[in-house]
Structure formats: C-alpha cells, structure tokens
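Q: Please walk me through this structure. Start with the terms I shall need.

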Amino acid sequence: MRQTLTRDTLARDPPYGTTVHQMRVDILSKEYPPLVYGGAGVHVAELVRALRGRGDIDARVRCFGGPRDEAGTTGYADLPQLACANAAISTLGVDLAMVDDCVGADLVHSHTWYANMAGHLASLLAGVPHVVSAHSLEPMRPWKAEQLGGGFAVSSWAERTAYQAAAAVIAVSAGMRADVLNSYPTIDPANVHVVHNGIDSQLWQPDSSAKAMEVLHRHGVDPQRPSVVFVGRITRQKGLPYLLRAAAELPPEVQLVLCAGAPDTPQLLAEVEALIAGLRQTRAGLVWITEMLPRDEVIALLSAATVFACPSVYEPLGIVNLEAMACELAVVATATGGIPEVVVDGETGWLVPIEQVTDGSGAPVDPDRFVADLAGALNEAVSDPQRARRLGEAGRRRAVESFSWSSIGDQTLVVYESVLR
C-alpha cells in the first residue's frame, strides 16, 4: 500500500528492511527557468525549489520550451506539425506530448491553462489526482480574444474542463478563490484552497552597492531624484495606460521608470507609445526599458526608487508587489483581486480604490476617477519620502514573515496529502 508522507512520518525512522515511499509529483507548466516572463513562472520555479528542498518529494518538472539541463526537469518543444496552427492548438500539442511521461506519478499539478489540459489528460490516463493552481482565469481576461482570436474559446474550454474535473484547486489568494467559484460555480468550494504566492527574501533585498549604482546610470536613472517604478508586461490587466495618464500629475522632478515589454497586441503597444510620447513632451526623466532585465538589475531599480506602482485592473495576487516590498519599497497598488492580501493600506503602502465593470475586463467604471486617485496616492508617496521609506521597511518585514516559500511548500504539500487520502 502506498504511504503518503507527512512531516511526522518522515521524522521517524522506518523499520529495518522497509522502504518509505517518496511522493512523486509531476509539475506541469508553460514557464520554467530560463524561460520565465510572468508571476506564474516565478511561482512554479520557487515552489519546485521548496518542494525539492524538503527531501521527501520527488518533484519532476514538465515544461514548455525544449530541453533543460536541470535534473528531474523535462522540456517539450512545440510540435513542428503545428508550427502554422493557432497558438492555442499549438499549446495543446505540447500538452499531449507531456501526458504519457506522467504515468508513474502519484499526482500531477498544473499551472495556467497552457498546461491544464496536460494535467487533466494525465490524470485520466494514469488514474491519479490532478491539482490545478489558479494564477489567473480566462473568464477574467476577455481581452485575450484580441490575441488569440478563436483560440480564446479553445483556451477557455481547456481551463474550464480541467478546473471542473480537478481533485483540488489551489488559489493564490482569497480574491482568486472567489473568482474561481464565481467563474466555475459547479466546483465544490471545499476543493478550492488558498495558498499564497511567496518571495525569497534572501534573493530579493535592497541593494545600493556600487554595482547597483552602475546599473542605474547605465539605464539613465538618477539615484538622487525621486522615482516611481513599474515592472510588468504591457497587457490590459497590468493597467499601464492608467499609470501613464496619472504620471502627468507628478511633480517635474520625479522620474518614471518603466520596465515594460512583451505587449499583448500591436494596438496596445501603439496606445502605450503614444502616451509615453505625450509625457516626454512635458517632462524629463522618463525611462522606458523594454527588455526583460535580470533580477539583480530589477533589484537595483527597486532599491533606488521612492515608490512602486501597480495599477493593475486584474491581479490574482501580484508577486511584483512582494518583490518590491522585499526591496523595502512602498507600494501604490489598485485595491483589486488579491492585492489587498499583500499590500496593507497605510502600513506597507497605499491602496487605490476602484469600481470595476462587471463584464470580466476589470476596467474601471470611471477611468478618470481611477486615474485621479492613482495620481493622488503617487503624489502623496513622493511628497513624503521619509514616510514612504518607513512603509517600505514595514513591507519587507511583512514579506519575510508572511510569504516565505518554505511555508508555501508546506501548505501545498497539505493539499497534495488531502487528495491522496
């Protein structure tokens, strides 16, 4: 009989001549280092590291993007036969390539719709539980139809099918849990668990070294001037156009540093380019970095800033806020999704109120009001840098105490054990 391991059973030596079963978990993800471009990829990489670090879990990674050198990790390239297919169909091709390799696992754990169908089919084929992590939901991102066309209907079907059949769903915030139950009301609420995203506070911490100063100068950032920094993809959910409109109200000495690339659509990129061009006509100190920076450079920019801006209209949790907080940076963020579970208004930053339309897009009912409130919070932050610094220090304490990956690994294991019992 298979033995499910717990911390208590591992603490005891097994009787001589017996073998303790090591739980095998196959973790399925589109993103995995070195190909990480969003919060879900960060989550998967850190969760795997935490699970493997325990010593009682055989965590095997199956990810998109071709071969990896890391032990226990298999990469799957796009199928050449689907090179000209819709992106959603190409994704399902990679999922199918993963499925047979999952036979032998005790359970499979998939992340995002890209890998959900691989997890669902592996569960059926191998007769093992499928756990889904909810980092975002297709019904909450209707603008993706701009990207995928008919593929959005395919991705929505894949996600819905996997969620409704899953043995358990892990939501990265209580707000995300509510969205799961609203989007898929046939799911038993008892099967939806909250396990937050986390942060490695040793990797993410303030850096004002000479090397960090060189990074600032290379990107054209003046460390002597106050700055507002944004880190995120150019996608509707991240709300960058609202930030660019709000930035017009910042004092002239305040720099705006944008680490923003990978636009979802040419139309959205054109909108952002036009707003940036307009800002540059009236103010100096706008730095736009379009390439994805290595972690040490992002840390340098965060460490030198006055405040971090997160104007998202959809954010299940927001690892970027944790990264900023770990670098002792106060946060101005939208009071939506899981953000209020991370950013404490008046203690680690400012939460900007938003009334959102109910069509799933998350857009503000009154965009002008939202922009004005965002500008007001940013101005409050940059006008009192000493207070912003105090809030940033409190933010790091919160990140360290409440969002460690070892704790998140433990909580995830509890979910695994619950579906294996």
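A: Two strands pair if DSSP finds at least two bridges between them. Helices (H or I, at least four residues) and strands (E, at least two) are DSSP runs, numbered from the N terminus. This is a predicted model, in which local features need pLDDT of at least 70 and side-chain atom pairs count only at pLDDT 80 or more, while totals for chains, interfaces and linings use all residues. Residues are numbered from 1 along each chain as its sequence is written, and side-chain values use heavy atoms, with hydrogens and water left out.

Q: Which strand is the bridge partner of Leu28 in, and which residue is it?
A: Leu28 has Ser110 of β4 as its bridge partner. Strand β1 (residues 23-29) and strand β4 (residues 107-111) pair in the parallel sense, with five bridges.

Q: How many bridges join β1 to β2?
A: Seven bridges join β1 to strand β2 (residues 57-64), and the two run parallel. Opposite Ser29 stands Cys63 of β2. Together with helix α2 (residues 39-54), β1 and β2 form a right-handed β-α-β unit. A crossover is right-handed if, with the strands pointing away from the viewer, the path from the first strand over the helix to the second runs clockwise.

Q: Is β1 mostly covered or exposed?
A: β1 is mostly covered, with seven of its seven residues buried. Buried means under 20% relative accessible area, exposed over 50%, and partly exposed in between (1.4 Å probe, protein chains only). Met23, Val25, Ile27 and Ser29 point one way from β1, while Arg24, Asp26 and Leu28 point the other way. In a regular strand the side chains alternate between the two faces of the sheet.

Q: What is the strand order of the open sheet?
A: The open sheet has seven strands in the order β3-β2-β1-β4-β5-β6-β7, with parallel pairing. At its edges stand β3 (73-76) and β7 (192-194), each with a single partner strand, so one side of each has no neighbour in the sheet. From one strand to the next, the twist averages 20°. Such angles run from 0 to 180 degrees between N-to-C directions, and axes are lines fitted to C-alpha atoms, for helices over the stretch in contact.

Q: Which strands does α2 touch?
A: Helix α2 packs on the sheet and touches β1, β2, β3 and β4, with its direction at about 155° to that of β2. Contact means heavy atoms within 4.5 Å. Helix α15 (residues 405-420) also packs on the sheet, touching β1, β2, β4, β5 (130-134), β6 (168-171) and β7, and its direction makes about 110° with that of β1.

Q: At what angle do α3 and α6 cross?
A: The axes of helix α3 (residues 87-99) and helix α6 (residues 151-165) cross at roughly 35° and come within 8 Å. Ala88, Ile89 and Leu92 of α3 meet Gly151, Val154, Trp157 and Ala158 of α6.

Q: Which residues of the largest nonpolar core touch the most other members?
A: That core has 49 residues, and Tyr163, Val180, Leu302 and Phe308 touch the most other members. Helix α12 (residues 319-326) gives the most to this core, with five residues. A nonpolar core is a set of buried Ala, Val, Leu, Ile, Met, Phe, Trp, Tyr and Cys residues joined through side-chain atoms within 4.5 Å. Beyond its neighbours within four places in sequence, Leu302 is in contact with Trp204, Val229, Phe308, Glu323, Ala324, Cys327 and Leu329. A second, separate core of 37 residues includes Ile234, Leu256, Ile354 and Val371.

Q: Where do the residues of β11 point?
A: In strand β11 (residues 307-310), Val307 and Ala309 lie on one side and Phe308 and Cys310 on the other, and all are buried. Four bridges join β11 to strand β12 (residues 330-334) in parallel, and Ala309 has Val332 of β12 as its bridge partner. The chain passes from β11 through α12 to β12 in a right-handed β-α-β crossover.

Q: Why does His120 count as buried?
A: His120 counts as buried because its relative accessibility is 13%. His120 lies in helix α4 (residues 112-126). Apart from residues up to four places away in sequence, His120 touches His130, Thr161, Ala162 and Ala165.

Q: And why does Arg177 count as partly exposed?
A: Arg177 counts as partly exposed because its relative accessibility is 26%. Arg177 sits in helix α7 (residues 174-183).
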